[in-house]
Amino acid sequence: TKAILFADVSGYTRLPEIEIPQFVSSFLGLCSKIMKRPEFTPDVTNTWGDALFAIFPTTQMAASFSKTLIQEAEISDSFSVELSLRIGLHAGPLYECQDPIQNCTTFTGSHVSLAARLEPIAEKGQIYASEYFAALAKIEEGNDCKFEFLGEKTLGKNYKAMRVYKVM
């Protein structure tokens, strides 16, 4: 069982091509710097343009990383279009495997898909978590994460409805 993070930068698709290198160095560079801190050691990371995917060993690491990223990412002031970060967190059993395309260890399974559908419903500048993530965080030793219940919401791409929490 692992904690799964999907993050996306809202507004990225309207970013002029000339500003993409600045985005890569500033935003993705910041993500990299934060991930190198000893308290944030993801098991797996990947990016797709403005999207970030990470697997963490604990919900505490995933939630703390998310809060730090939201606080430190001042992306809206640096670009010609409004950009804002939104993050979805989920937890569940994953299948660890060797990715034959990238030749590296990764994790996959239905819970990765579910996590990917949670991020698009998060409001700008917010971190949303599944009920699974919140429940695991509550029983995880040393986890001080706080949650606000938002109700049952339909996930992105009409995946399914689930109980969703805002990470405080």
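Which residue forms a salt bridge with Lys-2?

What you see is a predicted model, in which local features need pLDDT of at least 70 and side-chain atom pairs count only at pLDDT 80 or more, while totals for chains, interfaces and linings use all residues. Residues are numbered from 1 along each chain as its sequence is written, and side-chain values use heavy atoms, with hydrogens and water left out.

Back to the opening question. The partner of Lys-2 is Asp-43, and their closest N and O atoms are 2.7 Å apart. By salt bridge I mean a side-chain nitrogen of Lys or Arg within 4 Å of a carboxyl oxygen of Asp or Glu. This pair links distant parts of the chain, with Lys-2 in strand β1 and Asp-43 in the loop between α1 and β2, 41 residues apart. Helices (H or I, at least four residues) and strands (E, at least two) are DSSP runs, numbered from the N terminus.

The structure holds five salt bridges. Another of them joins Arg-37 to Glu-72, at 2.9 Å between the closest N and O atoms. Arg-37 sits in the loop between α1 and β2, and Glu-72 in helix α2, 35 residues apart. Arg-37 is partly exposed at 28% relative accessibility, and Glu-72 is partly exposed at 33%. Here, buried means under 20% relative accessible area, exposed over 50%, and partly exposed in between, using a 1.4 Å probe and protein chains only.

Then there is Glu-119 with Arg-86, whose closest N and O atoms are 2.6 Å apart. Glu-119 is buried at 9%, and Arg-86 counts as buried at 18%. Through shared partners, salt bridges join Asp-8, Arg-86 and Glu-119 into one network.

Now, a charged residue with another story. Asp-99, in strand β5, is buried yet has no salt bridge; Arg-117, the nearest side chain of opposite charge, is 16 Å away. For charge, Lys and Arg count as positive and Asp and Glu as negative, with His and the chain ends not counted. The side chain of Asp-99 does reach the backbone nitrogen of Gln-102, at 3.1 Å.

Let's move to the core. In soluble globular proteins, nonpolar side chains tend to be buried together. A nonpolar core here is a set of buried Ala, Val, Leu, Ile, Met, Phe, Trp, Tyr and Cys residues joined through side-chain atoms within 4.5 Å. The largest one has 40 residues, and Phe-27, Leu-69 and Leu-89 have the most contacts inside it. Helix α1 gives the largest share, eight residues. Leaving aside neighbours within four places in sequence, Phe-27 is in contact (heavy atoms within 4.5 Å) with residues including Val-9, Leu-69, Ile-75 and Leu-85. A second, separate core of 10 residues includes Phe-6, Phe-53, Ala-115 and Ala-116.

Strand β4 also holds Ala-91, which is buried at 4%. The C-alpha atoms of Ala-91 and Ser-130 are separated by 7.7 Å, although the two are 39 residues apart along the chain.

Last, the cysteines. How many disulfides are there? The count is zero, where a disulfide is a pair of cysteine sulfur atoms within 2.5 Å. Cys-145 is in no disulfide either, with the nearest cysteine sulfur, that of Cys-31, 19 Å away.

Definitions and conventions. A polar contact is a pair of N or O atoms within 3.5 Å; within protein, one must be able to donate a hydrogen and the other to accept it, and residues adjacent in sequence count only if both atoms are side-chain atoms.
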